[in-house]
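Welcome! Have a look at the sequence and the structure below, and then we will walk through them together, topic by topic.

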Amino acid sequence: IWFTNPSQQYGVILPPGGTAQWRDQNGNWSTDNNVVLNPDGAAPHATMILPFDSQVTGVRAVLPPTTGSSGWYMISQITVQ
């Protein structure tokens, strides 16, 4: 999950934490406990490692609201490798 870079000028922040979930071929959501946030560099992002045999049909991030965010964050891209 790729995030927009933080900007004090525009009030853009990175979420302080959160979880990621993935949906399998049966429509069941699983919470991934192996989520790693990398806030540094030109492209802040979070990664998660899925089971090797998973059939992913959806991904979602559950991010806590912070003061002034109303629970909204700008996610610029979700990619799968």
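Read from one end of the sequence to the other, the protein chain follows the pattern β-β-β-β-β-β-β. Keep in mind as you explore that this is a predicted model. Counted up, its secondary structure gives seven strands and zero helices.

**The chain as a whole**

- Of the 81 residues in the protein chain, 22% count as buried.
- The accessible surface of the protein chain comes to about 5,800 Å², and carbon and sulfur atoms hold 52% of that area.
- Among the contacts in the protein chain with a separation of 6 or more, 62% are between residues 24 or more positions apart.

- Strand β2 covers residues 19–23 and strand β3 covers residues 29–32; the two run antiparallel and are joined by four bridges.
- Which residue of β3 is the bridge partner of R23? That partner is W29.
- Five residues lie between the two strands of this hairpin, and G27 takes a positive phi near 85° there.

- Q21 is part of strand β2.
- Is Q21 buried or exposed? Its relative accessibility is 14%, so Q21 counts as buried, since the cut-off for buried is under 20%.
- The side chain of Q21 makes a polar contact with the side chain of T31, at 3.2 Å.
- A polar contact of 2.5 Å also links the side chain of Q21 to that of R60.
- Leaving out residues up to four places away in sequence, Q21 touches W29, S30, T31, M48, G58, V59, R60 and V62.

**R60 and the ring of W29**

- W29 itself is the β3 bridge partner of R23, and Q21 touches both W29 and R60.
- How many aromatic pairs does a search of the whole structure find? The search finds zero.

**S7, a buried residue in a loop**

- Where is S7 found? Look in the loop between β1 (2–3) and β2.
- S7 counts as buried because its relative accessibility is 18%, and the cut-off is under 20%.
- The side chain of S7 reaches the backbone nitrogen of Q9 at 3.4 Å.
- A polar atom of that S7 side chain also lies 3.2 Å from the backbone nitrogen of Y10.

How values were computed:
Residues are numbered from 1 along each chain as its sequence is written. This is a predicted model: local features need pLDDT of at least 70, side-chain atom pairs count only at pLDDT 80 or more; totals for chains, interfaces and linings use all residues. Side-chain values use heavy atoms; hydrogens and water are left out. Rings of Phe, Tyr and Trp (its six-membered ring) pair if their centres lie within 6.5 Å; planes under 30 degrees apart count as stacked, over 60 as edge-to-face and the rest as tilted. Two strands pair if DSSP finds at least two bridges between them. Buried means under 20% relative accessible area, exposed over 50%, partly exposed in between (1.4 Å probe, protein chains only). A polar contact is a pair of N or O atoms within 3.5 Å; within protein, one must be able to donate a hydrogen and the other to accept it, and residues adjacent in sequence count only if both atoms are side-chain atoms. Contact means heavy atoms within 4.5 Å. Accessible areas come from the Shrake-Rupley method with a 1.4 Å probe; for residues, only the protein chains shown count as cover.
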